[in-house]
Amino acid sequence: MTKGSHRSRCNDLLAGLSAYEADHGPLPGINDPAARVTLVAQMISSLRRIEYVRIFRQRPAMSPLRIEPQSDLFDPLKGAFFLDSKGSRDEAVWLAFIGTHFGKHQTDAWKLAANVMGSFGAGPTWTLSNYAGDPAGFDAMLLAHQAELEDKLLSGRFSNHRQYQSKQAEVISRVFATFSDWLLSPGGINARVRAIHEKVGQEPSVVFSQLYKSMKEVYGFGRLGKFDFLTMIGKLDLAPIEPDSVHFVGATGPLSGGKLLLLGSTEAKAMPKSIEARIDTLDDYLNVGKQVLEDSLCNWQKNPTTFVYFRG
């Protein structure tokens with residue numbers, strides 16, 4: 001199932017599941033040994049995706065082309081790390097937002113994000129500074145390229161996590177405007193985090209919770225969008241946060257996975273908050289983090305007894 005450095009972690013996860021069951025009762029969804037092994041394999045896969053971000057953060061240098069949407073090397077997440085290393089934290093958060101909103105498509109990669117940020121190759125490049133100085137210009141650019149946006153071969157596609165987002169110019173404009181206001185109205189991400197520290201303290205999970213609640217202002221960012229964005233800026237070290245919960249309220253796939261694991265069926269009747277609390281407790285035994293549980297349960301419930309690799 002696994003090899004290399006993850007083999008011992010696999011054994012630890014199997015032991016953690018058994019320890020949870022000893023204290024809280026059986027987990028019906030993994031009575032079948034194949035399901036138990038598959039769930040652990042999905043957790044290992046999720047851990048590897050998170051480690052990918054940590055690995056490129058450790059590299060001594062990052063190409064400046066990572067922030068250039070006209071370049072084949074464009075990568076919003078690596079670009080965000082590059083910008084933060086140069087002292088441009090809010091620009092880094094902005095690029096992480098663009099990467100999260102459009103996502104990396106399995107085939108098209110960052111094509112859609114690059115097209116919108118780079119005005120479909122014609123310029124200007126919509127950095128945070130450029131956008132804040134001319135939001136009307138950004139809106140006009142989108143309207144001028146509506147035909148290209150509607151042609152997936154020309155524009156590129158949203159990632160799987162964002163596949164239901166609209167490509168209508170007016171909708172993208174609203175997403176960008178509300179996110180820009182969320183980021184800049186308190187004076188930037190550092191100012192927003194400092195205000196939370198003064199109000200509720202510096203515990204990373206508590207700060208995550210407060211940021212999660214505050215993002216209700218951002219149009220088009222429901223439960224998954226908020227969760228993905230905040231976990232990403234945490235992994236990129238753009239904010240001192242970590243998920244406080246798997247946040248199942250409003251979820252579909254992850255909640256189904258939680259129901260399958262705890263109750264034996266994806267269709268079981270249960271309050272999302274109840275499933276959420278029990279899965280959060282499970283992390284006390286597994287110590288993989290709430291993001292790994294959220295991601296792996298979502299993927300596992302699609303094929304509970306056969307491992308299938310999924311991209312975000």
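Leaving aside its neighbours within four places in sequence, which residues is Pro-28 in contact with? They are Leu-260, Leu-261, Leu-262, Leu-263 and Gly-264. The model is predicted.

- Pro-28 sits in the loop that runs between helix 1 (6–24) and helix 2.
- Its relative accessibility is 32%, so Pro-28 counts as partly exposed.
- Among its contacts are Leu-260, Leu-261 and Leu-262, three residues that are buried in helix 14.
- Pro-28 and Leu-112 are 84 residues apart along the chain, and 41 Å separates their C-alpha atoms.

- Helix 14 is mostly covered, with 10 of its 11 residues buried.
- The buried residues of helix 14 include Gly-253, Pro-254, Gly-257, Gly-258 and Lys-259.
- Helix 16 is mostly covered too: 11 of its 11 residues are buried.
- Charged residues are part of that buried set, including Lys-290, Glu-294 and Asp-295.
- The cover over the buried residues of helix 16 includes helix 2 (33–57), helix 13, helix 14 and helix 15 (272–286).
- Two packed helices are described by the angle between their axes and the distance between the axes.
- For helix 14 and helix 16, the angle is about 80 degrees and the axes are 7 Å apart.
- Angles of 65 to 115 degrees count as roughly perpendicular, so helix 14 and helix 16 are roughly perpendicular to each other.
- On the helix 14 side, the contact is made by Gly-253, Pro-254, Gly-257, Gly-258, Leu-260 and Leu-261.
- Helix 16 brings Glu-294, Leu-297, Cys-298 and Trp-300 to the contact.
- The residues of this contact divide into 6 nonpolar, 3 polar and 1 charged.

**The second largest pocket**

- Rolling a probe the size of a water molecule over the atoms shows where empty space is left.
- The second largest pocket has a volume of about 500 Å³.
- Its lining holds 25 residues.
- Nearest the centre of this pocket lie Asn-160, His-161, Tyr-164, Leu-224 and Thr-252.
- Helix 13 (223–235), helix 14 (253–263) and helix 16 (290–300) are the elements that give two or more residues to the lining.
- Helix 16 gives the most, with 4 residues.
- By type, the lining divides into 6 nonpolar, 12 polar and 7 charged residues.

**Backbone features in the loops**

- Most residues other than glycine have a negative phi, and most peptide bonds are trans.
- Gly-123 and Pro-124 are joined by a cis peptide bond, with omega about 0 degrees.
- Pro-124 is placed in the loop between helix 5 (111–117) and helix 6 (128–133).
- Ser-119 is found in the loop between helix 5 and helix 6.
- Ser-119 is not a glycine, yet its phi is positive, about 55 degrees.
- Is Ser-119 buried or exposed? Ser-119 counts as buried, because its relative accessibility is 1%.
- Ala-109 lies in the loop between helix 4 (89–102) and helix 5.
- Ala-109 has a positive phi as well, near 55 degrees.
- Ala-109 has 27% relative accessibility, so it counts as partly exposed.

How values were computed. Residues numbered from 1 in each chain as written. Predicted model: local features only at pLDDT ≥ 70, side-chain atom pairs only at ≥ 80, totals over all residues. Heavy atoms only, no water. 1 Å grid on protein atoms, 1.4 Å probe; cavity = no way out; pocket = protein on both sides within 12 Å on 5 of 7 lines; lining within 4 Å. Points joined across faces, edges and corners; volume = space filled by probe spheres on them. Buried < 20%, exposed > 50% of the residue type's maximum accessible area, 1.4 Å probe, protein only. Axes fitted to C-alpha atoms, helices over the stretch in contact; angles between N-to-C directions. Parallel < 35°, antiparallel > 145°, perpendicular 65-115°, else oblique. Contact = heavy atoms within 4.5 Å.
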